[in-house]
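I opened my notebook to jot down what I looked up, one topic at a time.

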Amino acid sequence: MQLNPHYAELNESYLFSTIAHKVADYQKAHPDADLIRLGIGDVTLPLARPVVDAMHKAVEEQGHKETFHGYIPSEQGYEFLREAIRKYYAQRGVTLDLSEIFISDGAKSDLGNLLDLFSADNTVLVPDPVYPVYVDDNVMAGRKVLYLAATAENNFLPMPDEAPAADIVYLCSPNNPTGAAYTVAQLQAWVDWAKAHDAILLYDAAYECFVTEPGLARSIYEVKGAEEVAVEVCSFSKIAGFTGTRCGYTIVPQAIVRGGQSLNKMWLRRQTTKFNGVAYIVQRGAEAVFTPEGMREIQANLDYYRKNAAVIAAALDEAGVWYCGGKNSPYIWLRCPGGMGSWEFFDWLLDTARIVGTPGEGFGPCGKGYFRLTAFGDAARTQQAAERLKAALATL
Ligand code: PLP
């Protein structure tokens with residue numbers, strides 16, 4: 001018996017558990033401290049009413065013999081939900097076949113599970129900084145990870161002309177943590193590069209719903225030829241508050257074929273073997289996201305978070321702190337003032353303003369000296385945080 005040796009190569013602890021420990025220690029030492037949490041990227045608004053109503057109805061169906069649903073006819077997901085997603089993409093001019101849409105219990109699971117389809121010998125390219133899960137998934141599998149620096153110089157949007165040779169490339173747009181989002185033209189360069197290098201792009205669109213500016217991509221399939229080289233992973237977590245309800249989807253195009261093997265068929269085989277689908281009740285709730293009433297309420301929620309982002313941005317503008325993001329993303333990425341390191345700024349902000357944020361270097365070495373604040377908080381508390389932030393920054 002041998003344990004997987006690669007677990008020993010992982011960074012000691014996941015970023016957010018380190019933060020949770022630090023905050024718990026601080027609270028123990030300062031039991032009366034009124035902390036405002038702008039750290040973890042969890043949403044705070046409840047599910048939209050049409051989503052809740054759809055799930056109530058589905059629960060009731062499960063309680064009657066005539067309407068009961070057992071194992072899901074296709075592990076790939078109910079057709080009613082895949083059809084709703086197909087139409088959501090069609091509105092943006094993206095044509096998908098139902099067979100290319102796979103319902104998941106969230107983006108995080110599929111980002112890891114997709115690696116089952118690739119050889120352990122593949123080299124992986126991961127932007128730095130980025131959602132830490134991409135790196136850990138690959139380290140666990142013993143894959144070689146290369147980093148692609150995202151810096152202020154390239155507007156936190158690294159392009160393929162800076163890329164080393166790699167087989168699998170992760171792209172996250174709008175990006176967590178920087179909030180930077182690729183244009184369709186920039187993604188075209190990535191698709192062309194992937195074709196030229198026989199690489200696969202794993203495109204994480206978890207924050208596509210925050211894109212408002214024209215020209216920015218919401219799906220990689222807005223790019224010509226992307227269906228030959230890109231898998232897209234998306235989620236109901238941020239668009240519709242499903243962080244605790246759990247549902248997402250992954251697009252694996254039929255056009256991706258390598259060495260005579262269809263990636264879509266491999267993924268279907270993998271899913272039918274290792275996954276028994278997402279709860280009927282949850283899939284009914286997710287379907288309601290795409291109804292006119294569902295979309296109306298969800299857009300109002302997204303606007304609520306956008307206003308929070310504007311409030312934080314205004315405070316940083318007033319204090320003269322450099323930042324990006326917050327426009328097509330719920331994240332604001334700021335340069336730590338006074339030359340502070342990102343963990344140093346974390347401690348300073350916690351102590352001075354009682355605000356919990358996320359140190360940039362937790363997302364990769366290029367995040368050193370940067371800091372992430374999220375717009376997912378309560379509006380009144382975010383306003384309060386902005387006031388505290390201004391007052392604290394004024395003392396520097
Ligand atoms: N991808 C990115 C970039 C994220 O930031 C997150 C969560 O914060 C996820 C995926 C996970 O999404 P899900 O809740 O669907 O697992």
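**Entry 1: strand β8.** I looked up Phe102 and found Thr250 of β8 standing opposite it. I checked what counts as a strand: a DSSP run of E with at least two residues, while a helix is a run of H or I with at least four, and both kinds are numbered from the N terminus. This is a predicted model, where local features need pLDDT of at least 70 and side-chain atom pairs count only at pLDDT 80 or more, while totals for chains, interfaces and linings use all residues. Residues are numbered from 1 along each chain as its sequence is written, and side-chain values use heavy atoms, with hydrogens and water left out.

Back to β8. Strand β2 (residues 101–104) pairs with β8 over four bridges, in the antiparallel sense. "Pair" here means that DSSP finds at least two bridges between the strands. Strand β7 (residues 230–235) also pairs with β8, again antiparallel and over four bridges. I noted that Glu232 has Ile251 of β8 as its bridge partner. As a reminder to myself, strands of a sheet pair through backbone hydrogen bonds, either parallel or antiparallel.

Which way do the residues of β8 (residues 248–251) point? Gly248 and Thr250 go one way, Tyr249 and Ile251 go the other, and all are buried. Buried means under 20% relative accessible area, exposed means over 50%, and partly exposed is in between (1.4 Å probe, protein chains only).

**Entry 2: the sheet with β15.** Next I looked at an open sheet of four strands, in the order β11-β12-β15-β14, with antiparallel pairing. Its edge strands are β11 (323–325) and β14 (358–359), and each of them pairs on one side only.

Trp333 stands opposite Arg372, and Ile332 stands opposite Leu373. On to β14: two bridges join β14 to β15, and the two run antiparallel. Here Thr358 has Arg372 as its bridge partner in β15.

Why do I call β15 largely enclosed by the rest of the structure? Because five of its five residues are buried. Tyr370, Arg372 and Thr374 point one way, with Phe371 and Leu373 pointing the other.

**Entry 3: the ligand.** How many residues surround the ligand? I got 15, and the closest are Ala107, Asp204, Tyr207, Ser235 and Ser237. To be near, a residue needs a heavy atom within 4 Å of the molecule.

I then went through some oxygen atoms of the ligand. One lies 2.6 Å from a polar side-chain atom of Ser235. For Asn176, an N or O atom in the side chain is 2.7 Å from a ligand oxygen atom. For Lys238, a polar side-chain atom lies 2.8 Å from a ligand oxygen atom. Taken alone the ligand exposes 400 Å², and the protein buries 91% of that. These areas come from the Shrake-Rupley method with a 1.4 Å probe.

Helix α4 gives the largest share of the shell around the ligand, three residues.

**Entry 4: Val139.** Last, I looked up Val139, which is found in helix α5 (residues 133–140). Is Val139 buried or exposed? Val139 counts as buried because its relative accessibility is 15%. Leaving aside neighbours within four places in sequence, Val139 is in contact (heavy atoms within 4.5 Å) with His6, Glu9, Leu10 and Val145. I also noted that Val139 and Ala166 are 27 residues apart in sequence and 15 Å apart in space, C-alpha to C-alpha.

Note on methods: Polar contact = N/O pair within 3.5 Å; in protein donor to acceptor, adjacent residues only side chain to side chain.
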